[in-house]
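Subject: The structure we talked about

Hi,

Here is the structure I said I'd send over. Have a look at it first, then read on.

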Amino acid sequence: MGREVSESCIDSLLTEIVSSYSTRFYANKPELAARTIEAIGYQVGHQLSERYTMDRPRFSDHLEAIKFICKDFWSELFKKQIDNLKTNHRGTFVLQDNRFRWLSRVSNPILDEASAKDPEALAQNKAAQAETSAAQATSMLLYFPCGIIRGALSNLGIPCAVSADISNLPTCSFVVRIKA
Amino acid sequence: MAPPPRSGDAIFANVDRVNAELFTLTYGAIVRQLLTDLEEVDEVNKQLDQMGYNIGIRLIDEFLAKSNISTCVDFKETAEVIAKVGFKMFLGVTASVSNWDPEGTTCSIILEDNPLVDFVELPDTCQGLYYCNILSGVVRGALEMVSMKTEITWVRDMLRGDDAFELRLKLLKQVPEEYPYKDDE
């Protein structure tokens, strides 16, 4: 086992990156904030996958590489593996973590269906507004791990887009779409 | 009776821990991103300090809750506790305190091992960057939450070729705590 630090260190950093970029640096540009946070994750994923694959033979196909992310890579980061992997065999993979650590202390901010579909009702309802901003804050937290996965795969020679779905907290699903 | 204070080692052994590489590389990526976004090294130093401060004012709660530290009698004891317990329970490293001034208001916290700088080398273009400035911000923020206003500067920095990291802590003002109630109520 290599060197370790308290989990609070990484939690604090992550919270602070999100809050600095989304409320201080780019307060009125949520997309730019999101892109920057993702870019930081990408950098980290790229470097980590470089380190963790140093002594391995090259992966023979995409599935092998994705399995590496689900097992070894995830274990290094979160001390557990991805719980479920699905694929449509056409370049889309869904990596499901039933208890994603970085969301384990986040309350469930998901909008109920009605308020999500009717923006006007949403505007009239302050509680719903608070929920919306909580949902936005939570989704901001996910750009970092999405960036990590994209960076890790890109280092393995697999360009892709990664998004996250948290409609069923604390389960978090990362959707990887490999670019043809 | 209040439970006895716990040692930094005991706390660190019991907290959830993560792979330090993830932490180190994440911090490195933040610094790199700030350098790209802000361009000016001084501005990066300022933002790292601000981020640290924001973290410090939150982290103090966890520190107090897990360490069972009660009120420190003076700044000397506070500095010792930060070095021996604080650094250990979060970063897993021990720091030492030295170079006190006669008044007992200025001292140095010395760090010989620092997970933030594993794999780090500063290029010439980053002269003037205090890479670990987030740490001084954390300490400043945490101390402010226990009524001590401090000024913290870097005296030695291993990334600049020194043999250790040395943080100079200067106590500017200590606001006495006021209780809204009497002790016996």
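Predicted model: local features only at pLDDT ≥ 70, side-chain atom pairs only at ≥ 80, totals over all residues.

Residues are numbered from 1 along each chain as its sequence is written, chains are lettered from A and ligands numbered from 1 in the order in which they are written, and side-chain values use heavy atoms, leaving out hydrogens and water.

**Rings**

Over all chains, the search finds 16 aromatic pairs (rings of Phe, Tyr and Trp, taking the six-membered ring of Trp, with centres within 6.5 Å; planes under 30 degrees apart are stacked, over 60 edge-to-face, the rest tilted). One of them joins A:Phe78 and A:Phe100, edge-to-face, at 5.2 Å centre to centre and 70° between the planes. A:Phe78 is in helix α3 (residues 62-78) of chain A and A:Phe100 in the loop between β3 (92-97) and α4 (113-117), so this pair ties together parts 22 residues apart in sequence. (Helices are DSSP runs of H or I with at least four residues, strands are E runs of at least two, and both are numbered from the N terminus.)

A:Phe100 is buried, with a relative accessible area of 0% (buried is under 20%, exposed over 50%, partly exposed in between, using a 1.4 Å probe and protein chains only). A:Trp102 and A:Phe144 make a tilted pair, 5.6 Å centre to centre with 40° between the planes. Ring pairs also link A:Trp74, A:Phe78, A:Phe100, A:Trp102, A:Phe144 and A:Phe174 into a cluster.

**Where the chains meet**

The contact takes 37 residues from chain B and 34 from chain A (contact means heavy atoms within 4.5 Å). Together the two chains bury about 3,300 Å², 61% of it on carbon and sulfur atoms (that's the accessible area, with a 1.4 Å probe, that two parts lose on being put together, summed over both). B:Val18, B:Leu22 and B:Leu25 supply 19% of the area chain B buries against chain A, more than any other three residues.

There are six salt bridges between chain B and chain A (a side-chain nitrogen of Lys or Arg within 4 Å of a carboxyl oxygen of Asp or Glu). B:Asp16 forms one with A:Arg101, with the closest N and O atoms 3.5 Å apart. On the side of chain B that touches chain A, α2(B) gives the most, with 13 residues.

Cheers
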